[in-house]
Amino acid sequence: MHFDGVPVERVDAAVYTVRTETPEQDGTFDWDRTTVLVVEVHAAGKTGLGYSYTCAAAARVVTETLAPILIDKDAFAIPSHWKAMLRSVRNFGSRGVCANAIAAVDVALWDLKARLLDVPLAQLFGMIRASVSIYGSGGFTNYTDQQLHEQLGGWTHVDGCCSVKMKIGRDARRDEERMRVARSAIGSAALMIDANGAFDLKQSLATARRAQEFGVTWFEEPVSSDDLNGLRLLRDRVPAPIEIAAGEYGYDLFYFRRMIEAGAVDVIQADATRCCGYTGFMAAAWLADSHPIPLSAHTAPALHLPVCCAAPRLRHIEWFHDHVRLEAMMFDGVPKPKNGQIAPDLTRAGHGLRLKRDEVDQFKI
């Protein structure tokens with residue numbers, strides 16, 4: 001059977017900024033808003049939707065550099081477009097903002113392909129699992145003890161999460177009491193901590209030893225994720241069963257390969273909104289599987305769900321407070337947790353998400 005393809009007709013990009021519920025902070029950063037790039041790719045009466053968390057400059061990368069590559073080209077030729085988009089930003093730098101822009105376009109292309117075929121995207125990727133475990137994530141360092149207790153306890157007692165993660169790193173002495181509060185809130189659930197690279201090696205080791213008392217099982221970015229030697233040393237020395245995790249700032253496959261080959265982590269993280277979309281995420285997933293090492297999806301749970309159903313060594317998706325709230329505000333069709341799992345809606349084509357245009361206009365910049 002001969003197939004001529006379906007030409008891309010138009011690529012749209014828009015940027016939205018949404019304030020967080022309250023001002024937030026982690027071990028190294030303060031923020032009070034999130035900026036989202038939304039891309040829509042149109043072909044044959046269908047529209048594919050993609051998005052990433054970035055800055056407003058990413059929209060210009062889409063409209064001025066990436067969109068011209070796609071117009072009149074076959075919407076199904078996604079690997080070819082992915083490589084062409086990476087080549088097109090060579091002189092700007094393919095990481096950072098450009099990778100965020102490519103990510104949103106790539107996700108939109110995969111969604112468009114599934115909609116053109118009228119199949120759920122999770123099935124198009126090839127489902128290994130029908131649902132994916134989530135872990136609650138937030139517990140910001142500026143939260144009061146009451147806020148911390150209510151948020152973490154809600155994930156375990158209401159959403160059924162078996163694991164929750166809290167931020168640490170602003171005050172090592174205060175962190176110990178905050179871990180105590182977290183443990184009282186979540187009962188027997190696994191406790192995870194994330195320093196966002198706030199510590200040096202000695203501080204990290206001391207924190208890990210204190211964290212063991214509270215049943216911590218995961219220590220994310222104790223030192224900078226660029227310090228592969230430091231991460232490897234900590235992986236070798238922190239008390240069991242604490243695992244070292246990092247990788248959320250990976251924009252390309254070389255980053256993940258270096259981290260894995262250095263033996264720097266027990267669990268590698270990947271973020272499709274940073275590592276150039278679903279195509280880049282699946283490349284990281286196969287790399288993790290080949291070594292083998294567990295993979296965890298960083299934030300953006302609604303976006304990650306379809307591809308995570310197909311990732312071979314996937315452990316879980318981060319049910320990140322800000323993005324759960326934002327995705328529900330901006331998109332129709334977001335998944336709802338049940339017994340600590342989320343599952344794709346297989347009655348909807350693509351990833352099943354639709355932009356709530358009337359609701360989001362107020363956030364457009």
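Predicted model: local features only at pLDDT ≥ 70, side-chain atom pairs only at ≥ 80, totals over all residues.
Q: Over how many bridges do β1 and β2 pair?
A: Strand β2 (residues 30-43) and β1 pair over 12 bridges, in the antiparallel sense.

Q: Turning to β5, are its residues buried or exposed?
A: Strand β5 spans residues 163-167 and is mostly covered, with 5 of its 5 residues buried.

Q: Which way do the residues of β5 point?
A: Ser163, Lys165 and Lys167 point one way, while Val164 and Met166 point the other way; all are buried.

Q: In what sense does β5 pair with β4?
A: The pairing with β4 (residues 132-138) is parallel and extends over 3 bridges. Within it, Lys165 in β5 stands opposite Ser137. Between the two strands the chain passes through helix α5 (residues 145-157), and this β-α-β crossover is right-handed.

Q: And over how many bridges does β5 pair with β6?
A: Strand β6 (residues 190-194) pairs with β5 over 5 bridges, in the parallel sense. Lys165 has Met192 as its bridge partner in β6. The chain reaches β6 from β5 through helix α6 (residues 172-186), in a β-α-β crossover that is right-handed.

Q: Changing topic, where are the cis peptide bonds at Pro241 and Pro292?
A: The bond from Ala240 to Pro241 is cis, with omega near 10 degrees. Pro241 belongs to the loop between α8 (228-237) and β8 (243-246). A cis bond also joins His291 and Pro292, with omega about -15 degrees. The loop holding Pro292 runs between α10 (277-290) and β10 (295-297).

Q: What is the phi of Asp72, and what is that of Cys276?
A: Asp72 has a positive phi of about 70 degrees, although it is not a glycine. Cys276, not a glycine either, has a positive phi of about 70 degrees.

Q: Is Asp72 buried or exposed, and is Cys276 buried or exposed?
A: Asp72 is exposed, with a relative accessible area of 61%, and is placed in the loop between α1 (57-70) and α2 (78-88). Cys276 is buried, its relative accessible area being 2%. The loop between β9 (267-270) and α10 contains Cys276.

Q: How many helices and strands does the protein have?
A: Its secondary structure comes to 13 helices and 14 strands. The radius of gyration is 20 Å, close to the 21 Å that the globule rule gives for 365 residues, so the protein is as compact as a globular protein of that length.

Q: What percentage of the residues is buried?
A: Buried residues account for 58% of the 365.

How values were computed:
Residues numbered from 1 in each chain as written. Heavy atoms only, no water. Buried < 20%, exposed > 50% of the residue type's maximum accessible area, 1.4 Å probe, protein only. Helix = DSSP H or I, 4+ residues; strand = E, 2+ residues; numbered from the N terminus. Pairing = 2+ DSSP bridges. Right-handed = clockwise from strand over helix to strand, strands pointing away. Rg over C-alpha atoms; globule rule 2.2 N^0.38 Å.
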